[in-house]
Amino acid sequence: MTTPALLPLSGRRLPPLNLGASAFPHHRATLRLSEKFILLLILSAFITLCFGAFFFLPDSSKHKRFDLGLEDVLIPHVDTSKGGKNLGGFLIHGQGHDEHRHREEEERLRNKIRADHEKALEEAKEKLKKSRDEIQAEIQTEKNKVVQELKKKDSKPLPPVPLPNLIGINSGEPADPDIRERRNKIKEMMKHAWDNYRQYGWGHNELKPIARKGHSTNIFGSSQMGATIVDALDTLYIMGLHDEFREGQEWIDKNLDFSVNSEVSVFEVNIRFIGGLLAAYYLSGQEVFKIKAVQLAGKLLPAFNTPTGIPWAMVNLKSGVGRNWGWASAGSSILAEFGTLHMEFVHLSYLTGDPVYYNKVMHIRKLLQKMDRPNGLYPNYLNPRTGRWGQHHTSVGGLGDSFYEYLLKAWLMSDKTDMEARKMYDDAIEAIEKHLIRKSNGGLTFIGEWKNGHLERKMGHLTCFAGGMFALGADGSRDDKAGHYLQLGAEIAHTCHESYDRTTLKLGPEAFKFDGGVEAVAVRQNEKYYILRPEVIETYWYMWRFTHDPKYRQWGWEAAQAIDKYCRVSGGFSGVKDVYSSSPTYDDVQQSFFLAETLKYLYLLFSNDDLLPLDNWVFNTEAHPLPVLHLANTTLSGNPAYR
Ligand code: DMJ
């Protein structure tokens, strides 16, 4: 803004104008009116100009905000105590603009960083204000999200596989009314066992029928995995108990979870759970069973992580850490355990197309083939670290039994193409016949146990399954000894029947001797119990299928009646502690294999042969039927998606 020049109106130069208060009296007398008027005009114009200039001065506060963006940036440079804030800002802006701008920018950044730090600090303080529980809950929520995602992934249906030809899933109803009646009685016993488990033990592994509550043993680990439900499914299905089957399916679908911190028996979980689920899948076609079987199998795989590939007896389903039973000789794994995985694992590879399962069991087989066998016999103990045998104890009963069974069944299940398995079976039973099978003084054929070079003349209830095995393996035996093996099966069936018939309850003891005048009778008190085991009835059924001799149905019926009379209680069925006592005490356990095996074999014994024919189905060692796989060889993959 410029001060207006005082220009003469007429061209004459006026003397300097003194506008101070003292100036007017000095000139008043000498000025004329027109001059006074002009002077007044100039003066008022000057005042107007000055007054206007006051309003047109820039507003430094606005100026500062516009330029710097931050109101307090200049505070350090302005002495506000002198009221010079606005003016100061304006003045500074006016001087050394660039240098100042640079400093302002630096300051702005510093302040921004400081503000960010403060914000982060605030957030951290907020977090710390939360209790430990709240923080843990947040972590758990995150974990759950991950688990849910994984579950979604796991539950995805597997790519379709061509199902083997499933023949003989029918009612198998016998025409003979007496046989039908007996069969109905077995079905009623199954209902009684199931309904009580349903009412008192649902979701638990087994039932205590007298205490009327759930029961479990260490083979199932520490969690409730509904072993009875899984084990019973296919029996329910075969018997036409479809509502009960659906209940079981629903429980499995919603509750059967294998991500649990629980140490289970690899063998038991394989034969009862994987076998049960696979059989339920093949019979019903319900995808959920296949998915669960594959999930569970994945949890068992870490058990094979040993120096030899021979699996541990137990594995923790969550951590995958494995170990062996403390009681097993020299830290060994058990022949009947690591040797009873083949059928289920071959089916798993067939259904998934993933060779991992097949490779695991074939590795075990190859390793066993290479090993020396004392007298051609397989000892029951093998150390998974060293690959050496433990104690030289051989048995066709406990610790050894189902290893031999699975060699035969591997051959049958491959539509008789797995010749390696058949040869191993033939070799094994030849050695068994030579060293373990004898006739008692009274003419009973029995299978003893080989212990460190001598034969123990004792046979277990478990060993009685071998009668059925010999009959099943008769066809296709070496040197065409079919007749011989069928006869051997019949002799074992007879001996085992004697072990039942020579008791007070007409139920067989856990083990019986052939020594010093004792024949097929238990001697020790702790071998007199019957825990609802199936092996004797299993042999009756195989013998019935191969001979149709009515005595097998009759023997089976005797056993069924004895079970109903002495083991039935209002809360289910219980084992008994002494089969030689007329007033037996109960062990208060309803074993899951009673529903899976004992009642199933009894039902099949009174059904037509076209229900699950043996040319098309192979029963695993827990009586779960798996279809024969009609494949050219055993390096199989049923699933075209993986081929
Ligand atoms: C069942 O779990 C199976 O049959 C197994 O092979 C041996 N023992 C029981 C029944 O006694």
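1. A definition comes first. Two strands pair if DSSP finds at least two bridges between them. The model discussed here is predicted.

2. Strand 14 (residues 511-515) and strand 15 form a hairpin. Two residues lie between these strands. Glycine 516 sits in the turn, with a positive phi of about 50°.

3. Strand 15 covers residues 518-521 and runs antiparallel to strand 14. Three bridges join the two strands. Within this pairing, phenylalanine 514 stands opposite glutamate 519.

4. Strand 14 also pairs with strand 13 (residues 458-460). This pairing is antiparallel too, over three bridges. Here lysine 458 faces another lysine, residue 513 in strand 14.

5. Is strand 14 mostly covered or mostly open? It is mostly covered: four of its five residues are buried.

6. Now the ligand. The residues around the ligand are Ile271, Arg272, Leu462, Arg533, Pro534, Glu535, Phe593, Glu597, Thr621 and Glu622.

7. Which side chains place a polar atom by an oxygen atom of the ligand? For glutamate 622 the distance is 2.5 Å. On its own, the ligand has 290 Å² of accessible area, and the protein covers 92% of that.

8. The ligand takes up the space of the largest pocket. Two elements give two or more residues each to the shell around the ligand: helix 10 (266-284) and helix 21 (592-605).

Key:
Residues are numbered from 1 along each chain as its sequence is written. This is a predicted model: local features need pLDDT of at least 70, side-chain atom pairs count only at pLDDT 80 or more; totals for chains, interfaces and linings use all residues. Side-chain values use heavy atoms; hydrogens and water are left out. Buried means under 20% relative accessible area, exposed over 50%, partly exposed in between (1.4 Å probe, protein chains only). A residue is near a molecule or strand if one of its heavy atoms lies within 4 Å of it. A polar contact is a pair of N or O atoms within 3.5 Å; within protein, one must be able to donate a hydrogen and the other to accept it, and residues adjacent in sequence count only if both atoms are side-chain atoms. Accessible areas come from the Shrake-Rupley method with a 1.4 Å probe; for residues, only the protein chains shown count as cover. On a 1 Å grid over the protein atoms alone, a cavity is a set of points where a 1.4 Å probe fits but cannot get out, and a pocket is an open set with protein on both sides within 12 Å along at least five of seven lines; lining residues have an atom within 4 Å of a point. A molecule sits in a cavity or pocket if more than half of its atoms lie within 2 Å of its grid points.
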